[in-house]
Amino acid sequence: MTVTRRSTPRQRVEEVFLAHEGHVTANALFADVRRKYPRVGRATVYRALKRMVDEGVARQVDFGEGLQRYESAHGHPRHSHLICQRCHRTSEFLSSDVEALLEEIAAVRDFEAAQTVVQVHGICRDCRQGTTAPTLDGAATKRVFARDALRVAIDTERSGLRFYTRAARITRDAAGRKVFESLAAEEHEHLSTLERRYAELVDEDPELEARPQFLFFKGAAGGLFAEGLEELRAGVNDEQALRIGIACERGSHRFFQRYGQRFDDSEGKRIFLEFADEERAHLELLQRELKSLQGRAGRRRRKTR
């Protein structure tokens with residue numbers, strides 16, 4: 001005989017909350033809960049919301065209307081808001097540059113930040129122009145996050161491909177050149193995979209490419225390889241080329257690992273952490289090759305003595 005456990009009132013509130021898209025007030029959530037579970041009281045909903053915030057299941061936000069709103073933390077990274085003062089609609093974004101600046105300010109002031117809230121109040125384009133744009137539901141927001149994460153990864157992969165193609169062309173050491181050629185081939189293969197994943201994502205939502213940008217990672221990790229490529233063009237020897245590659249891969253790995261760990265469970269998080277693992281493997285390969293190159297150079301010097 002199978003015994004079915006009945007859910008507790010708090011679990012029922014959480015169930016309804018997690019099925020809700022976007023931001024919801026406590027009163028709106030209470031109305032939704034009562035439609036499905038008529039015996040759940042208002043106080044139970046309030047207590048459940050507080051506990052979900054305390055446990056990190058929900059986030060509490062205030063858009064300046066005198067109302068507390070709540071959003072699910074699952075599958076969605078911490079972000080900032082653009083808030084229209086006329087229609088009260090919000091638009092979300094995440095910027096590594098804004099985060100870095102806030103961290104720098106806190107560090108200079110020796111301030112240990114527990115929570116950061118960035119809100120920009122103003123008038124949206126629709127209200128200014130009298131147009132109406134579709135709002136993003138939770139599923140669309142997650143796809144936009146995955147889309148932007150793929151864009152960052154693709155941009156980095158393209159920069160890496162250009163870097164290793166150039167490095168292979170200028171390297172005289174046969175073993176080192178083979179490593180750079182191998183990495184260029186890997187970058188090309190991974191780029192094709194990422195572009196295919198991007199195309200599949202767009203096929204799921206034909207309007208995806210036109211939706212507002214969520215991630216603002218200016219330059220991101222791709223900028224590291226762009227700078228490295230400029231160093232290669234300035235003229236370097238084989239060891240210097242390897243050291244530049246190591247610096248690029250180390251910085252790229254740290255970037256994707258750092259932000260991937262900050263994101264809540266989502267496709268965007270998986271994309272970043274997969275890429276972090278790939279960059280770490282490249283870093284280790286280059287480090288081994290640098291050590292081998294130095295060993296070969298040392299043996300040649302000893303032979304000529």
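Q: What range of angles counts as roughly perpendicular?
A: Angles of 65 to 115 degrees count as roughly perpendicular. In this predicted model, the axes of helix 1 and helix 3 (residues 42–54) cross at roughly 70° and come within 9 Å. That angle falls in the range, so helix 1 is roughly perpendicular to helix 3.

Q: What makes the contact between helix 1 and helix 3?
A: Helix 1 supplies P9, R10, V13, E14 and F17. Helix 3 supplies T44, V45, A48, L49, R51 and M52. By class, these residues are seven nonpolar, one polar and three charged.

Q: Why are helix 1 and helix 2 called roughly perpendicular?
A: The axes of helix 1 (residues 9–19) and helix 2 (residues 26–36) cross at roughly 115°. The range for roughly perpendicular is 65 to 115 degrees, and helix 1 and helix 2 are therefore described that way. Their axes come within 10 Å, and the crossing is right-handed.

Q: Which residues make the contact of helix 1 with helix 2?
A: On helix 1 they are V13, E15, V16 and F17, and on helix 2 they are L29, D32, V33 and K36. Five of these residues are nonpolar, none is polar and three are charged.

Q: Why are helix 8 and helix 9 called roughly antiparallel?
A: The axes of helix 8 (residues 222–234) and helix 9 (residues 238–262) cross at roughly 170° and come within 9 Å. Angles over 145 degrees count as roughly antiparallel, so the term applies to helix 8 and helix 9.

Q: Which residues of helix 8 and helix 9 meet?
A: L224, F225, G228, E231 and L232 of helix 8 meet A241, I244, C248, E249, G251 and S252 of helix 9. The contact divides into six nonpolar, three polar and two charged residues.

Q: Where is confidence lowest and where is it highest in the protein chain?
A: Strand 2 (residues 58–62) is lowest, with a mean pLDDT of 77, and helix 7 (residues 174–204) is highest, at 94. The chain averages 85, and 91% of the residues score at least 70.

Notes
Residues are numbered from 1 along each chain as its sequence is written. This is a predicted model: local features need pLDDT of at least 70, side-chain atom pairs count only at pLDDT 80 or more; totals for chains, interfaces and linings use all residues. Side-chain values use heavy atoms; hydrogens and water are left out. Axes are lines fitted to C-alpha atoms, for helices over the stretch in contact, and angles run from 0 to 180 degrees between N-to-C directions. Helices (H or I, at least four residues) and strands (E, at least two) are DSSP runs, numbered from the N terminus. Angles under 35 degrees count as roughly parallel, over 145 as roughly antiparallel, 65 to 115 as roughly perpendicular and the rest as oblique. A crossing is left-handed if the near helix is turned anticlockwise from the far one by less than a right angle, and right-handed if clockwise. Contact means heavy atoms within 4.5 Å. Ala, Val, Leu, Ile, Met, Phe, Trp, Tyr, Cys and Pro count as nonpolar, Asp, Glu, Lys and Arg as charged, and the others, Gly among them, as polar. pLDDT is the predictor's confidence in each residue, from 0 to 100.
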